[in-house]
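Take a look at the chain below before reading on. This report walks through it part by part.

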Amino acid sequence: MAAVIDKRHLRDYVTHETLHKKAYEFLLERIQHYMREYHPKHNALVVMDDSSKQLNRAVAMKHAYFQRAGNQHLKFTQIVGHPFFTASELSSGVQLADLLAYNVYRAFKDENLGYPYFELLLPSFYRRAGDAVLDGLKVWPEVSPLVGMARAMGIKEEGPVHVRAIDVGLG
């Protein structure tokens with residue numbers, strides 16, 4: 001799962017912290033949908049790269065809010081605890097996530113969804129059962145031309161603003 005955020009098309013008031021919290025929200029949505037569909041009796045725990053004390057705190061506070069109230073689209077009933085922050089050099093899972101995120105970043109940065117390492121990842125993205133749509137890939141904001149590229153790949157709209165389900169900030 002990933003959330004691609006095209007920084008070139010964000011409003012001037014969007015801060016680094018706001019950007020991370022929005023990407024985190026998009027990823028939580030993808031995780032919740034995936035867990036509900038494929039693992040309804042289980043829960044998910046989020047493990048993240050340790051960024052900075054301020055950013056970690058902001059994300060943890062947003063996470064706590066989502067656990068209490070959900071967001072405008074859903075409740076996060078299968079995501080437990082607070083995110084666990086760890087240095088990437090201490091976690092092979094976080095290192096792997098960094099490597100995979102780079103390949104998504106590269107494909108969207110170059111506007112080349114034929115980037116070979118991205119193409120290798122595509123079959124592993126979350127898709128709803130019996131559906132070819134990449135529900136595990138989120139491209140935002142809606143005004144970005146990257147949304148059109150993603151739709152051409154088979155990513156459909158989910159609600160008024162969303163494209164179905166990757167975290168890579170461009171710019």
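Predicted model: local features only at pLDDT ≥ 70, side-chain atom pairs only at ≥ 80, totals over all residues.

Strand β4 covers residues 137–140 and pairs with β1. The pairing is parallel and runs over 4 bridges. A3 stands opposite K138. I5 has W140 as its bridge partner.

## Strand β1

Now turn to β1, which spans residues 2–6. Its side chains split as well: A2, V4 and D6 point one way, while A3 and I5 point the other way. All of them are buried. Because 5 of the 5 residues are buried, β1 is largely enclosed by the rest of the structure.

## The whole chain

Step back for a moment. The protein has 171 residues, and 44% of them count as buried. Its secondary structure comes to 5 helices and 7 strands. Reading from the N terminus, the order is β-α-β-α-β-α-α-β-α-β-β-β.

What kind of peptide bond joins W140 and P141? It is a cis bond, with omega at about 5 degrees. Most peptide bonds are trans. P141 sits in the loop between β4 and α5, a helix of residues 145–152.

## The second largest pocket

Sorted by class, the lining has 6 nonpolar, 2 polar and 3 charged residues.

T18 counts as partly exposed because its relative accessibility is 37%, and buried would mean under 20%. The side chain of T18 makes a polar contact with the side chain of T15, at 2.8 Å. Further along the chain is L55, 37 residues from T18 in sequence. In space, their C-alpha atoms are 9.5 Å apart.

## H63 in helix α2

Where is H63? It is in helix α2, made of residues 53–69. H63 has a relative accessible area of 1%, so it is buried.

Which backbone oxygen does the side chain of H63 reach? It reaches that of G81, at 2.6 Å. Leave aside neighbours within four places in sequence, and H63 is in contact with Y24, L28, I79, V80, G81, H82 and P83.

## S88 in a loop

S88 lies in the loop between β3, residues 84–86, and α3, residues 92–109. Is S88 buried or exposed? S88 counts as buried because its relative accessibility is 17%, and the cut-off for buried is under 20%.

Beyond its neighbours within four places in sequence, S88 is in contact with D49, V94, Q95 and D98. S88 can also be compared with S51. The two are 37 residues apart in sequence. Their C-alpha atoms are 9.6 Å apart in space.

## N103 in helix α3

Helix α3 also holds N103. N103 is buried, because its relative accessible area is 9%.

Which residues does N103 touch, not counting those up to four places away in sequence? They are Y115, Y117, F118 and L121. Y117 is 14 residues from N103 along the chain. Their C-alpha atoms are separated by 6.0 Å.

## E111, with a positive phi

E111 comes in the loop between α3 and α4, a helix of residues 116–121. Its phi is near 50 degrees, a positive value in a residue other than glycine. Most residues other than glycine have a negative phi. E111 is at 40% relative accessibility, so it counts as partly exposed.

Definitions and conventions. Residues numbered from 1 in each chain as written. Heavy atoms only, no water. Helix = DSSP H or I, 4+ residues; strand = E, 2+ residues; numbered from the N terminus. Buried < 20%, exposed > 50% of the residue type's maximum accessible area, 1.4 Å probe, protein only. Contact = heavy atoms within 4.5 Å. Nonpolar A, V, L, I, M, F, W, Y, C, P; charged D, E, K, R; others polar. Polar contact = N/O pair within 3.5 Å; in protein donor to acceptor, adjacent residues only side chain to side chain. Pairing = 2+ DSSP bridges.
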